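Okay, thanks everyone for coming. Today I'd like to talk about charged side chains and who pairs with whom.

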Amino acid sequence: MSYQPNKPPLWPQAAPSAVSLPQRGMRDGAHGLSIPAGAAITGRQSQQATELAQRYELLERLGVSTAASAHFDELARDMAEKAGFLYGFVNLFLEEQTFVGLHQPPADSGYVIVGRTMSHDHGWCPEVVARKKALPLHDVHASPRFSGNHVVDAVGIRSYFGAPLIHESGTVLGTVCVIDPEKRPLSEARRLRDIVITAGTQVMNRIAPAPAPAPAPVR
């Protein structure tokens, strides 16, 4: 699929080295969704702001950077190659979806080259975060619920497999996912789902490694 330069880019083409949190409008807490001044805050917006603050607090406590990571880029590449997909992402849900790990085709491949952030309104990862379960879409057009999406229209994506990044505290930090312009056979769905679930486990082991077992008592 060739990139159409007259279409607005889905993602910024230049990625910052770290996430910049804009100070505009009204904010709920130290870290929260940007809400225009004077706008009424809905129950859902309040919940989203609370969840976002919890993510920031947990990431800070764990010492996890929100900058792009060579380690997570490599993990995204490995996940995409095992699945046979063009794109792979390690995605933290901050003020925007933030790809701390990213694999994509070469710049001269003719495919869309993406940046490191995307709106919460786009893609299927928001569904994964909300349901706290893996989402296997071998063909996004097989379900009307998932076919009407900006990623489908702008990039022509036909298949998506994503899994949540859930800390032992229950906080959902984000997702791992792969996407591709080609649909996949339904018979491949379980294998592809298992690939992204395994990658999610690897990310969480990196973010929050299990404590070393206590040494056995000397007898």
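So, let's walk through some of the salt bridges here.

A quick word on the ground rules. This is a predicted model, so local features need pLDDT of at least 70 and side-chain atom pairs count only at pLDDT 80 or more, while totals for chains, interfaces and linings use all residues. Residues are numbered from 1 along each chain as its sequence is written, and side-chain values use heavy atoms, with hydrogens and water left out.

Helices (H or I, at least four residues) and strands (E, at least two) are DSSP runs, numbered from the N terminus. Arg116 is buried, at 15% relative accessible area; buried is under 20%, exposed is over 50%, and partly exposed is in between, using a 1.4 Å probe and protein chains only.

Back in helix H2, Arg77 and Glu74 are three residues apart, about one turn of the helix, and their closest N and O atoms are 2.3 Å apart. Arg77 is partly exposed at 25%, and Glu74 is too, at 41%. Glu81 joins these two in a network of salt bridges.

Last one: Glu188 pairs with Arg191 at 2.6 Å, N to O.

Methods: A salt bridge is a side-chain nitrogen of Lys or Arg within 4 Å of a carboxyl oxygen of Asp or Glu.
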